Amino acid sequence: MLPAGKRVLVVLFVPSVERDGRTPVDQARWVELALTLLGGVLGGATAYPRARGVWRDDERGGALVLDEPVVIHAYTRVDVIEDAGNLARIAAFCRTMGRETNQGEIGLVIADEYFAIRDYEDEP
């Protein structure tokens with residue numbers, strides 16, 4: 001019999017370009033920071049090589065932003081991801097990354113729910 005495992009998947013997308021679709025971001029830095037955070041909070045994470053993606057920026061008339069995000073996967077336990085402190089740390093990271101890389105949205109998936117993080121103001 002297998003031991004109880006980590007069954008909640010967390011996925012974070014680290015962008016390669018700013019919202020304008022042309023200006024590169026320091027993706028390697030953000031991947032390193034994300035891995036460090038998720039490793040500490042969730043117990044581990046894996047970054048996959050660049051993917052190809054597109055995001056529709058409705059606030060810019062539906063402009064399509066082509067991107068090569070790094071996709072980071074982390075599996076964790078329910079109690080770990082439901083911990084308010086852990087969620088706050090992950091949310092703060094997403095807001096900081098979104099603000100500092102000039103994004104329209106940071107994508108975060110927890111279990112089977114996609115969170116479109118667009119408000120980059122720090123929580124009180």
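These questions and answers walk through a predicted model.

User: What kind of model is this, and which pLDDT does a local feature need?
Analyst: The model is predicted; side-chain atom pairs count only at pLDDT 80 or more, totals for chains, interfaces and linings use all residues, and local features need pLDDT of at least 70. Residues are numbered from 1 along each chain as its sequence is written, and side-chain values use heavy atoms, with hydrogens and water left out.

User: In what order do the five strands of the open sheet stand?
Analyst: Strands are DSSP runs of E, at least two residues long, and helices are runs of H or I, at least four, all numbered from the N terminus. Two strands pair if DSSP finds at least two bridges between them. The pairing in this sheet is antiparallel, and the order is β2-β5-β1-β6-β7.

User: Which strands stand at the edges of this sheet?
Analyst: An edge strand here has a single partner strand, so one side of it is left without a neighbour in the sheet. That holds for β2 (46-48) and β7 (113-117).

User: Are α1 and α3 roughly parallel or antiparallel?
Analyst: Axes are lines fitted to C-alpha atoms, for helices over the stretch in contact, and angles run from 0 to 180 degrees between N-to-C directions. The axes of α1 (residues 27-42) and α3 (residues 84-100) come within 10 Å and cross at roughly 175°. Angles under 35 degrees count as roughly parallel, over 145 as roughly antiparallel, 65 to 115 as roughly perpendicular and the rest as oblique. So α1 is, relative to α3, roughly antiparallel.

User: How many residues of the contact of α1 with α3 are nonpolar?
Analyst: Ala, Val, Leu, Ile, Met, Phe, Trp, Tyr, Cys and Pro count as nonpolar, Asp, Glu, Lys and Arg as charged, and the others, Gly among them, as polar. Two residues of this contact are polar and three are charged; the nonpolar ones number 10.

User: Which residue in β4 is the bridge partner of Val54?
Analyst: Strand β3 (residues 53-57) and strand β4 (residues 63-67) pair in the antiparallel sense over five bridges. Their hairpin has five residues between the strands, and there Gly61 takes a positive phi near 70°. The bridge partner of Val54 is Leu66.

User: What relative accessibility does His73 have?
Analyst: His73 is in strand β5. Buried means under 20% relative accessible area, exposed over 50%, and partly exposed in between, with a 1.4 Å probe and protein chains only. His73 counts as partly exposed because its value is 24%.

User: In which loop does Asn102 lie?
Analyst: Asn102 has a positive phi near 55°, though it is a residue other than glycine. Its relative accessible area is 40%, so Asn102 is partly exposed. It is found in the loop between α3 and β6.
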